[in-house]
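Biologist: I would like to learn how to read a structure like this one. Could you take me through a few features, starting with how strands line up?

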Amino acid sequence: MTTQTLTKTQWVYAFGGGGADGDASMKNLLGGKGANLAEMSSLGLPVPPGFTITTECCTHYYSNGNTYPADLDGQVAAGLARVEELTGKRFGDASNPLLVSVRSGARASMPGMMDTVLNLGLNDQTVDGLAKLSGDRRFAFDSYRRFIQMYSNVVLGLDHHMFEEILDEHKERLDVTIDTALSAEDWERVVADYKKAVEADLGKPFPQDPQAQLWGAISAVFASWMNDRAKFYRRMHDIPESWGTAVNVQSMVFGNMGETSATGVAFTRNPSTGENRLYGEFLINAQGEDVVAGIRTPQALTKAAREEMGDKAPSMEEALPAVFTQFKTVVETLEKHYRDMQDIEFTVEQGRLYMLQTRNGKRTAKAALKIAVDLANDGVISQEEAVMRVEPASLDQLLHPTIDPSSERDVIAKGLPASPGAATGQVVFTAEEAERLGSAGEAVILVRDETSPEDIRGMDAARGILTARGGMTSHAAVVARGMGRPCVSGAGEILIDEKAREFRVRGRAFKAGDIITIDGSNGEVLSGAVKMIEPELSGDFAALMAWADKTRRLKVRANAETPLDARTARQFGAEGIGLCRTEHMFFDEDRIAAVREMILADDERGRRAALAKILPMQRADFVQLFTIMEGLPVTIRLLDPPLHEFLPHTEEDVKAVAEATGLDAAKLWRRARELHETNPMLGHRGCRLGVSYPEIYEMQVRAIFEAACEIAASGKAAPIPEIMHPLVAKGEEMRFLRQLTDRTAKEVLAEKNMQIEYMVGTMVELPRAAIRAGDLAEHAEFFSFGTNDLTQTTFGISRDDSGRFLNAYIDKGIFEKDPFVSLDQDGVGDLIRIAAERGRAQRPDVKLGICGEHGGDPASIEFCERVGLDYVSCSPYRVPIARLAAAQAAIGEREKDR
Ligand code: PEP
Ligand code: MG
């Protein structure tokens with residue numbers, strides 16, 4: 001005796017006939033389809049009776065060498081008997097046969113991934129019964145041949161082409177082209193040939209015993225859980241294998257029993273726009289698969305929709321008015337009951353309506369937003385529920401142009417979806433060309449091996465950026481996201497020949513001037529121009545954002561340094577700047593010469609002289625930022641990258657710079673070589689620059705305070721600068737930097753005779769900084785987790801080169817997701833947790849934020865909520881996503897406490 005029989009596990013759950021064993025809450029056990037069939041039955045809706053074999057049975061099947069629990073047989077027999085009683089038909093009865101469908105149904109919908117068998121129970125005897133019952137012999141034999149084909153394919157593993165060939169031969173012989181031209185006798189002959197073909201192939205006849213058919217189909221559905229398609233789909237959608245699928249056995253109803261029969265699909269609202277109107281299509285005298293197969297053109301459900309589309313064929317409202325009225329009531333009942341837009345399948349059998357499926361309908365981001373806001377405004381759901389209904393990442397679709405899904409895509413390469421949105425333009429290979437053509441109003445796509453800070457203006461002038469190298473936190477990715485430019489990075493198949501002004505990929509060549517399109521939302525690179533959909537922000541967007549803001553605890557700031565970024569950030573609702581990377585300001589055309597002069601200086605005096613030229617420009621930068629931010633906090637990070645990034649790298653560049661600036665070419669070249677480092681990411685960068693050359697940081701701090709005083713003196717809202725030191729590892733470093741900052745601030749404030757509130761803090765982007773956070777907090781008033789570098793230094797994986805090999809790790813399941821995109825919560829996340837704990841132990845009110853790219857990733861934001869950070873900071877275009885994700889995270893945390 002097995003344990004199952006001892007504990008009397010219920011493997012089979014009945015539904016139909018106005019009641020059910022299960023309900024909609026039992027999706028894990030009954031699968032989505034089974035749970036909803038049960039729920040619809042209990043609501044008293046017309047559901048053809050049937051039963052669901054549980055997902056637990058599937059799990060049992062796989063963990064017991066593909067065998068069933070001992071008592072399953074009995075439970076299936078009882079389930080079938082109940083269906084017979086409710087329908088008044090008998091399974092296998094030659095004069096009054098019950099026919100069933102057998103379908104899969106997992107917890108999560110996996111459209112088309114697993115198997116289905118219809119018309120099961122037909123054999124040489126019952127087909128006559130069906131002919132008599134329906135009064136339509138042609139229909140009976142058409143059903144029988146469909147069943148033989150489907151069953152042979154799904155259960156017996158025979159190739160469906162074999163059947164298509166036989167049917168084609170018959171059509172040729174009869175000189176007809178469409179199936180409907182075949183008579184009852186024709187179908188009988190087709191059936192006979194089908195059976196012969198099966199017997200020839202298998203060496204035994206097509207199974208005639210309905211019980212054997214039933215168990216064959218049940219096994220096939222369970223087996224389809226492990227087919228390649230299903231496995232692939234599960235991997236793509238993070239569906240665990242252990243969930244298993246349920247099997248639904250349900251009495252058949254026929255939409256193909258004449259002109260008062262029909263089958264169709266409906267959405268209670270428009271799934272692409274969200275408009276609150278019944279939407280869908282149906283076919284008269286057809287079975288479910290005919291609607292999907294696209295052989296006949298389906299008709300509209302409502303008269304209004306038919307008129308709008310200019311269709312001639314009558315709508316369901318006109319062709320079957322009585323059933324339509326009933327259907328409309330059912331549909332309204334379903335939406336009210338589920339409190340969400342429903343995706344419905346139905347069949348009409350000789351004037352009688354049957355509901356075959358309902359589920360929450362899939363929808364576009366635009367529709368999701370509208371439906372959630374409409375439902376909340378109508379009082380069907382609460383505002384918090386509306387907030388939970390929209391996928392934060394999907395907002396990207398609303399903020400950027402996207403490729404029209406109906407357009408054809410000639411994909412030439414695939415890289416990383418580094419910055420969302422799509423862009424079309426002519427290929428250019430240098431930042432200068434991008435700038436030249438871009439400022440002349442041409443649409444260009446900048447194509448580079450990788451970008452560097454020098455390319456910034458060209459990137460700004462381009463519509464989109466494509467790089468052959470670099471990961472999700474590479475320069476191109478980070479900067480493009482900040483600018484809201486679409487970007488595909490790390491498209492490794494692309495071979496760029498800058499000299500020949502062309503790139504080659506998969507045997508094709510694209511020259512400068514050729515038109516390409518990049519899709520930064522999925523990483524595709526396409527040849528030519530493609531139709532785009534422009535974003536439009538509706539009032540619903542503002543409404544949902546306002547509800548999210550009411551709900552969230554985490555503050556949301558933006559990473560921004562240019563006035564444009566800062567303005568965009570505020571438009572999208574940022575509550576301050578969480579990271580102003582000052583090095584980006586050093587690359588501006590009007591100051592790069594002074595920056596280079598500073599780097600080339602032989603001593604401190606020379607450096608100070610050059611820095612004095614930069615000071616007024618830096619001050620002007622901060623005045624602009626503070627003005628735009630109107631008193632909101634602004635975190636300014638002092639210089640971070642290694643100095644060599646500011647120098648030209650090739651002999652040609654050196655020559656050009658020397659000519660343009662009057663700087664000595666030989667000296668430039670020598671200094672560039674001197675500054676060369678084997679491992680620049682771990683080299684002379686971050687606060688190490690401030691330790692070696694305090695005058696650089698002093699100039700920056702001075703610029704910040706002079707700017708703050710200027711703003712305050714002009715009567716505008718005084719800014720609260722937060723001065724942030726990068727790449728700090730030790731308490732002692734922080735002590736030095738704190739003293740430098742306070743000393744300089746004091747000097748300026750004394751000169752101006754003013755008081756400005758400010759904070760001094762550090763980035764936490766090295767494991768040592770996290771572990772020794774207590775030491776840092778002695779001197780730092782805030783921490784901002786720089787999770788780009790923290791991920792890089794924790795894994796020891798270069799953020800700029802990871803694109804080359806991370807995919808293999810993801811494919812092999814070693815990494816679930818790119819850790820530069822979604823925070824590695826176990827490892828890097830643990831360091832954050834430790835740092836937060838130790839920092840707070842030393843300084844209870846230490847302010848905590850995150851400013852790595854993860855600050856705009858919904859799953860990482862949820863983690864930040866759990867650890868209790870004060871704010872997240874992300875690129876301006878992600879601010880709305882972060883606001884929504886923060887609200888969802890807060891709701892999630894609250895629900896946990898309940
Ligand atoms: C970081 O390292 O996470 C960070 C925000 O700094 P950057 O990306 O500029 O190195
Ligand atoms: Mg960093």
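Biologist: Which residue stands opposite Val556 in S34?

Modeller: In this predicted model, the residue facing Val556 is Val872 in S34. The two belong to strands S27 and S34 (residues 871-874), which pair in the parallel sense over four bridges. S27 also has strand S28 (residues 577-581) as a partner, joined by two bridges and running parallel. There, Asn559 stands opposite Leu579.

Biologist: How many of the five residues of strand S27 are buried?

Modeller: A residue counts as buried when its relative accessible area is under 20%. In S27 (residues 555-559), four of the five residues are buried, so the strand is largely enclosed by the rest of the structure. Here is a general idea to keep in mind: side chains in a regular strand alternate between the two faces of the sheet.

Biologist: Now the metal. Which residues coordinate the magnesium ion (ligand 2)?

Modeller: Look for the side-chain atoms around the ion: Glu765 (OE) and Asp789 (OD) coordinate the magnesium at 2.0 to 2.2 Å. Glu765 lies in the loop between strand S31 (759-764) and helix H31 (767-771), while Asp789 is in helix H33 (residues 787-795), so the pair ties together parts that are 24 residues apart in sequence. Both Glu765 and Asp789 are buried.

Biologist: And salt bridges? How many does a search of the whole structure find?

Modeller: The search finds 72 salt bridges. One of them joins the side chains of Arg145 and Asp179, at 3.9 Å from N to O. This pair links distant parts of the chain, with Arg145 in helix H6 (residues 137-154) and Asp179 in the loop between helix H7 (160-174) and helix H8 (184-202), 34 residues apart. Arg145 counts as buried at 7% relative accessibility, whereas Asp179 is partly exposed at 30%.

Biologist: What is the closest N and O distance between Glu751 and Arg702?

Modeller: Their closest N and O atoms are 2.7 Å apart, in a salt bridge. Glu751 sits in helix H30 (residues 731-752) and Arg702 in helix H29 (residues 694-713), so this pair ties together parts 49 residues apart in sequence. Salt bridges can also share partners: Glu583, Arg637, Asp640, Arg685, Asp789 and Arg799 are joined into one network that way.

Biologist: Last one, about the surface. Is Ile814 buried or exposed?

Modeller: Ile814 is exposed, with a relative accessible area of 55%. Its place is in the loop between helix H34 (806-811) and helix H35 (828-842). Together with Phe805 and Tyr809, Ile814 forms a nonpolar surface patch of about 290 Å² of accessible area.

Conventions
Residues are numbered from 1 along each chain as its sequence is written. Chains are lettered from A and ligands numbered from 1 in the order in which they are written. This is a predicted model: local features need pLDDT of at least 70, side-chain atom pairs count only at pLDDT 80 or more; totals for chains, interfaces and linings use all residues. Side-chain values use heavy atoms; hydrogens and water are left out. Donors are N, O and S atoms within 2.8 Å of the metal (3.2 Å for Na, K and Ca); water is not among the atoms, so sites may look incomplete. Buried means under 20% relative accessible area, exposed over 50%, partly exposed in between (1.4 Å probe, protein chains only). Two strands pair if DSSP finds at least two bridges between them. Patches are made of residues with over 30% relative accessible area and no salt bridge: like charges are joined within 9 Å, nonpolar side chains (Val, Leu, Ile, Met, Phe, Trp, Tyr) within 5 Å. Accessible areas come from the Shrake-Rupley method with a 1.4 Å probe; for residues, only the protein chains shown count as cover. A salt bridge is a side-chain nitrogen of Lys or Arg within 4 Å of a carboxyl oxygen of Asp or Glu.
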